[in-house]
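Subject: Structure for your review

Dear colleague,

Please find below the structure that I am handing over to you.

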Amino acid sequence: NAPVSSAPVADNNNDDVDMVIDWAIRIYDDEMAMVNDTIQFNWDFPHNVYIHPSGTCDDTDSIQVGQESGATYTFTEDDAGQDIYFACQISGHCDAGQILKVTI
C-alpha cells in the first residue's frame with residue numbers, strides 16, 4: 001500500500017502509486033519524492049490539478065495533470081533536483097492554500 005500523505009484516503013489499493021494526496025482547500029506541508037515516484041490526487045469537491053512552474057498561484061505556463069479525482073503524475077529525471085508545485089486552478093482555491101510543493 002502507498003503511504004498516505006496529509007490525510008487518509010480510503011480504498012486506495014493502487015500499487016503503482018507512491019504518494020496519495022487528499023486534495024482539498026487547505027494548507028499543505030511540503031513533500032519529498034524520488035524520480036519514478038507517482039503522486040495521486042484524490043478529491044470529492046470540484047477541483048483540478050496543474051503543475052505551476054511559477055511556484056506560486058500564478059498559472060503562467062501551467063501544465064494540466066488532471067481534471068478528475070485520481071489524477072496522477074510520475075516524476076521524471078527532468079524533475080530531479082527541483083521543486084514541483086501542484087495547484088488547483090478553480091477560482092480562489094490556490095489562494096486559500098491548495099498548492100503543494102514536492103521536492104525531487
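Along the sequence, the pattern of this protein reads β-β-β-β-β-β-β-β-β, with zero helices and nine strands in total. Helices (H or I, at least four residues) and strands (E, at least two) are DSSP runs, numbered from the N terminus. The model is predicted, so that local features need pLDDT of at least 70 and side-chain atom pairs count only at pLDDT 80 or more, while totals for chains, interfaces and linings use all residues. Residues are numbered from 1 along each chain as its sequence is written, and side-chain values use heavy atoms, with hydrogens and water left out.

Of the 104 residues, 41% count as buried (under 20% relative accessible area, with exposed over 50% and partly exposed in between; 1.4 Å probe, protein chains only).

Strand β9 (residues 99–103) has Leu100 and Val102 on its covered face, and Ile99, Lys101 and Thr103 on the uncovered one. In a regular strand, side chains alternate between the two faces of the sheet. Strand β8 (residues 83–87) runs antiparallel to β9 and is joined to it by five bridges; strands pair if DSSP finds at least two bridges between them. Ala87 has Ile99 as its bridge partner in β9. Strand β3 (residues 31–32) runs parallel to β9, with two bridges, and Glu31 stands opposite Val102.

Thr38 lies in strand β4 (residues 38–42) and counts as buried because its relative accessibility is 10%. Its side chain makes a polar contact of 2.7 Å with that of Thr74 (a pair of N or O atoms within 3.5 Å; within protein, one must be able to donate a hydrogen and the other to accept it, and residues adjacent in sequence count only if both atoms are side-chain atoms).

With kind regards
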